[in-house]
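Here is a friendly walk through some packing and pairing features. Have the viewer open as you read.

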Amino acid sequence: MDECACHWIQYARRGLLVTLALSALLLGPGVANAQESREESIAAAQAEKAKHLAPYVPNRAEALLSRALTALTVEPNGFYPMFGSIYSGGGFTLGAGYRHFVSDRASVNASGLYSIKNYKLFDVSFHTGSKRARPELTVKVGWRDATQVGYRGLGIDSPEDRSNFRMQQAYGGAELTERPVSWAIFRAGLTYEDFSLSEGSGGAPSIEEVHTPVTAPGLGESPTYLHANVSAGIDTRPATEYARHGGLYEVAYHKYSDRDDTFTFDRLDAEIVQHVPILRENWVFSFRGRLQTTLSDSDIVPYFLLPALGSGSSLRGYSSWRFRDRHSLLFSGEYRWTPSRLAMDVAIFYDAGTMADRLDSLTIGHMKSDVGFGLRFHSPVATPLRIELAKGSEGLRLVFAGSAAF
Amino acid sequence: MQVTRLRSAYLLLALAAGLGAGDVPSAAGRRFFNDDPIQREPDSQDASNVAPWDIDLYVDLTLNLFARMGDKTPNVRAGNINTIDEVPDSNWFTNRIGLRPVTIDQAANGPLVNPAPAPGRWTVTAPKRSGFAPGFTMRDSSDALWFVSFDADGFPEAATGAVMVANKIFWTLGYWQVENQLISVRRDQLDISPTAKFTPMSGRQRPMKLSDLDDVFARAQRAADGSYRAVAARGLPGKVLGGFRYYGTRPDDPNDIVPHEHRRELRALKVFGAWTNLVDMKAGNTLDTMVTENSRGVVRHFLQDVGSTFGSGANGPREYDEGYEYLIDLGLLKKRFFLLGFPSAPWMTVPYEDNYAIGRFEGTEFDPLDWKPRVPTAAFLSARADDNFWAARRVAAFNEEMIRALVKTGQYSKPADEKLLADVLVQRRDKIARTYMGAINPLIDFVLSADGRLSFKNAAVDAGVGKPPANGYQAVWSAYDNTADTASAIGSPTATTGTDVQGPGGLPAAAGGFVKISVAGVGAEQAAWNQPVDVYFRRTAAGWQLVGVDRMPAAK
């Protein structure tokens, strides 16, 4: 018997049962049959169904959905796919991870990522705790290879012409996160970071062909750091990766101690994010301000660790690492609306930022800016896909990201 | 494609045979049986072999959001009603308020037949497996099984109060309900069963430890004396079979023959849901169990979790748009996408009292016609005006005293919380009565005396939500042939400005004769009231017996 005929018989049976059932129970007006009473009539319909009982079998749509949901479910232990970022500007990246829990809340995770620009990342970490089971501790070691990181010189007026460098970074360290109350967050970390800088690949010339240590501080050097960081913040957002109300007020201090002290420097990062909901969050005005400042004018910050602007998470109309200097200031504003509060946000945004070699040279009157339009596919706590089109003074840029803008 | 066409064609034929074809019964047929109207829907077959199933939450959610589930044929009369437009008692529903007298004490007691958890030490047997409220499963000192859930931290009395009150309301309406008890739990009275299993973040199940309750209690609202207020739901007797869907039938239950989207008591949840803001209409909040009746296994259908009501969810106040919009509405999404978030919606500006216990629940701006659950619900989409009317009559039957008594079972510590909830329920009750009783001819309780005088009531007028038609009522009388389904006029139509009307001479006098009377308002403000209700009486030795009511005869 062919498949269609089987379906036909199933539908016929089902239809017959519907008919019998409705006829038996309903008098609007009802149908003729051989039974002498309503009860007998209903019993006859039930007896008819009893002849054709079948276990529940999900239909095609249900089965397909189930399979899709199963595929999307990541088991606590075992392999899992990864879509992430190795280093800003690396392009589309895929990878895989393997996680193994060693206790109720502690896990060891190994992952590898590869991007279309030949960026690579291998990372092994140990993580314990959760947002509820405080504090959280992460210990990790890894190696990153970014083959064609962009560099265009110093300052907000640096030329558009790009050069590339290759940055390899071996690292190992730990970070502790504590949330004594739901709205306060403290972090402290210590990481050993061994950098190896070399010629960049890709279409642009390599950095040493275009720049000197004057225009690219530390060029030719490969320092090794002990990087200490501490931060304190007030975070009233319902989730860090998706929020329509609340805010973040955070200050972070970084101390990069070079092993031979040549490139030791201290940096302070301050960030303010505030979401202002209008009419029960149907519209949201979101604002962000971020300052990154090198604390001592006498310290030399190597070119690849300078504060930077440009990328899908800062100046969205400019390419990754477009602007670099010792101090940076960024403002972003978004007008968001929610066609579906479960699944999708739309935003019109404006970013403006500037860089300078001295803090007091950061001026609002001398900024690069962009405007754009974005779609965010989100859950109540995460933004797994953000697609944005931004226009800056250097043209249009399309942003694909797996995280919130801010 | 071929299968789809065949199915569509067959469904049309099937529905035509079940509903329309009845207009021309065969020679052996009749419209009314001698036992009509039946008072109980029989479960004639042994359903012992029904297998438990697990309806996946996300599959259920996705299908309901993006597909129209169940029979899409419009205007299908409810399939489980009897000939007088009522729902017979069944393992789905038991007639209580609106049909039978229910005292305030009975309503406030609700489904309770057993005592509260026996005091003493309680043994946790399992973590909570469904829902977002913190909780666990336990056995009390008399070994009774209980499912315990707490108020979320920061929202005292919200979730537990809602469960207690809604449980009584839905029992009074007629649904099978679990026995819920409000209890106080102290951590030091709990033990862990040696057989209890727990699955931590690692995904590896292991014996449960007392410390596994840390997370539960961290998320629960703690009272000043260190105790935790909770609802304990008594384990249901019989084998648990999983939930039911609001469409289709269970393929292995021989007694489940009416597609659920055509069951009136499920369609009516659209109205009851609007009244109580029962937004979480998912299969996971229902439960089927196997019980034994007349030595046969039959399936009983519970509305297991009606706690998603009023203005509070498991973890705090509801989202503002809940009750106003589906989780995803593609039409609205498209509009808002292109119109920068417009059009605006009522939920954006509805004023709510700042109340942690009751949450976002109000009656001033509430419009029953605009109310929506979280996801489209097949039974709601199939509901007709007669289903809504049937439900609205039951809502209207809750008098204010009863509503306040039911709200009291939530044991809110602040009188203002209790007052707010009761006030809003009264407001919403009145709006529901006004809306749905005005949408269809609301005549009820037809009686034809032996001497041919028809009396009736106007449910809307009696509920105080409508005025009698300006020019009274008109009745068209016919002799009805139960076999041929034909009616022949008797005399001229008769009229009345009251609620009884004398019939013409010449009504059938012999036992077994039938009369059909079409009664309509004349000059009613509501156009629908001027459409007739067809009522049918059978002559018996004792007089006339009401055997048929068709509130929407024109819809055939």
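Is B:Phe217 buried or exposed? B:Phe217 is buried, because its relative accessible area is 4%; buried means under 20% relative accessible area, exposed over 50%, and partly exposed in between, with a 1.4 Å probe and protein chains only.

Residues are numbered from 1 along each chain as its sequence is written, chains are lettered from A and ligands numbered from 1 in the order in which they are written, and side-chain values use heavy atoms, with hydrogens and water left out.

**Confidence**

The pLDDT is the predictor's confidence in each residue, from 0 to 100. Chain A averages 91, and 91% of its residues score at least 70. Residues 1-13 of chain A stay under 50, and the model gives them 14 contacts beyond four places in sequence (contact means heavy atoms within 4.5 Å). Residues 26-32 of chain A are also below 50, with 34 contacts beyond near neighbours in sequence. Where pLDDT is low, the predicted coordinates should not be read in detail.

**Nonpolar cores**

A nonpolar core is a set of buried Ala, Val, Leu, Ile, Met, Phe, Trp, Tyr and Cys residues joined through side-chain atoms within 4.5 Å. The largest one has 66 residues, and B:Ile169, B:Phe170, B:Leu269 and B:Phe272 have the most contacts inside it. Several helices of chain B each supply at least two residues, including α4 (158-173) and α7 (269-276); helices (H or I, at least four residues) and strands (E, at least two) are DSSP runs, numbered from the N terminus. Helix α12(B) gives the most, with ten residues. Apart from this core lies another of 29 residues, among them A:Leu121, A:Met167, A:Tyr225 and A:Phe304.

**Aromatic pairs**

Rings of Phe, Tyr and Trp (its six-membered ring) pair if their centres lie within 6.5 Å; planes under 30 degrees apart count as stacked, over 60 as edge-to-face and the rest as tilted. The count comes to 43 aromatic pairs over all chains. B:Phe170 and B:Tyr175 are tilted, because their centres are 6.1 Å apart and their planes stand at 55°. Both of these residues are buried. B:Phe217 and B:Tyr228 also form a tilted pair, 4.6 Å centre to centre with 55° between the planes. Here B:Phe217 belongs to helix α5 (residues 214-218) and B:Tyr228 to strand β8 (residues 228-234) of chain B. B:Tyr228 counts as buried, at 6% relative accessibility.

**Salt bridges**

A salt bridge is a side-chain nitrogen of Lys or Arg within 4 Å of a carboxyl oxygen of Asp or Glu.

| Partners | N to O distance |
|---|---|
| A:Asp235 and A:Arg237 | 2.9 Å |
| B:Arg404 and B:Glu400 | 3.0 Å |
| B:Asp500 and B:Arg453 | 3.1 Å |

A:Asp235 is buried at 11% relative accessible area, and A:Arg237 is buried at 13%. B:Arg404 and B:Glu400 are separated by about one helical turn, because they are four residues apart in helix α11 of chain B. B:Asp500 lies in strand β19 (residues 500-502) and B:Arg453 in strand β15 (residues 453-458) of chain B, so the pair ties together parts that are 47 residues apart in sequence.

Key
Predicted model: local features only at pLDDT ≥ 70, side-chain atom pairs only at ≥ 80, totals over all residues.
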